[in-house]
Amino acid sequence: MSGPTVKAPWPLARFAQAAVAAAAVAEVARAVTVRAHALHPLDTSGSTSGRVSQVYVNLMIVAAALFLVWFTRSRRIAQSLSPSPLPGSAPWAVFSWLIPVINMWVPRGLVLDVLRASGPGAAGRRDRVLVNVWWATWIGHALVAGVSGGPGQGASLALLLVAEGLELAAGALAIAVIQRVTARQAAALGSTFPVPGAASLPRLS
């Protein structure tokens, strides 16, 4: 008896992409309103900057959660497509994104592992460049934002512009990475029926 047909996680990918885009835009809006209030406290509302900051925090939590759900699903599909086990365990593939310091470099390798396992010809030079540039912009944003001290700490306008530019670039590239991985898996699964070892994968509603 055949097992369930595995499909690329397009619904999860679209939700994650939308959430990442919304969080990136909200971060820029937060930086603008917080800096405006810090520079002109009598002319701008502190409650407005507080509300925008709260919206950003909520959107970032949602984006991170959806991204991790998409990544977990994509990794399981990649494992079903790969003739050999992926490095690391499933829990490690999630928690490595959340552990300070470790999350500065380990997740990049995990994403490349998923790409490599997601179909013939995956993780070629262009794929590695995409992942590496995305990761560089993400880490660059974190470092510049840390050095600047944030929009409410009297940071220079130049540093804030660089930080927010890197934030937008990292968001756009994260969306591209989600697209690339999911498209690879869709192509690999497009000509297949029930995938060996896929019976344990939950159906997408």
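Trainee: How do the residues of the lining of the largest pocket divide into nonpolar, polar and charged?

Mentor: In this predicted model, the lining of the largest pocket holds 19 nonpolar residues, two polar ones and one charged one.

Trainee: How much space lies in that pocket, and which residues are closest to its centre?

Mentor: Rolling a probe the size of a water molecule over the atoms shows where empty space is left. Here the largest pocket contains about 520 Å³ of space. Among its 22 lining residues, Met 60, Ala 64, Phe 67, Trp 97 and Trp 138 are the closest to the centre. H1, H2, H5 and H6 are the elements that each give two or more residues to the lining.

Trainee: Which residues of the largest nonpolar core touch the most other members?

Mentor: That core has 32 residues, and those touching the most other members are Phe 67, Trp 70, Phe 71, Trp 97, Val 111 and Trp 134. Two or more residues come from each of helices H1 (10-39), H2 (46-81), H4 (106-117), H5 and H6 (157-189). H4 supplies the largest share, seven residues.

Trainee: Which residues does Val 111 touch, leaving out those up to four places away in sequence?

Mentor: Val 111 touches Phe 71, Trp 97, Val 131, Trp 134 and Val 177.

Conventions:
Residues numbered from 1 in each chain as written. Predicted model: local features only at pLDDT ≥ 70, side-chain atom pairs only at ≥ 80, totals over all residues. Heavy atoms only, no water. Core = buried A, V, L, I, M, F, W, Y, C linked by side-chain atoms within 4.5 Å. Buried < 20%, exposed > 50% of the residue type's maximum accessible area, 1.4 Å probe, protein only. Helix = DSSP H or I, 4+ residues; strand = E, 2+ residues; numbered from the N terminus. Contact = heavy atoms within 4.5 Å. 1 Å grid on protein atoms, 1.4 Å probe; cavity = no way out; pocket = protein on both sides within 12 Å on 5 of 7 lines; lining within 4 Å. Points joined across faces, edges and corners; volume = space filled by probe spheres on them. Nonpolar A, V, L, I, M, F, W, Y, C, P; charged D, E, K, R; others polar.
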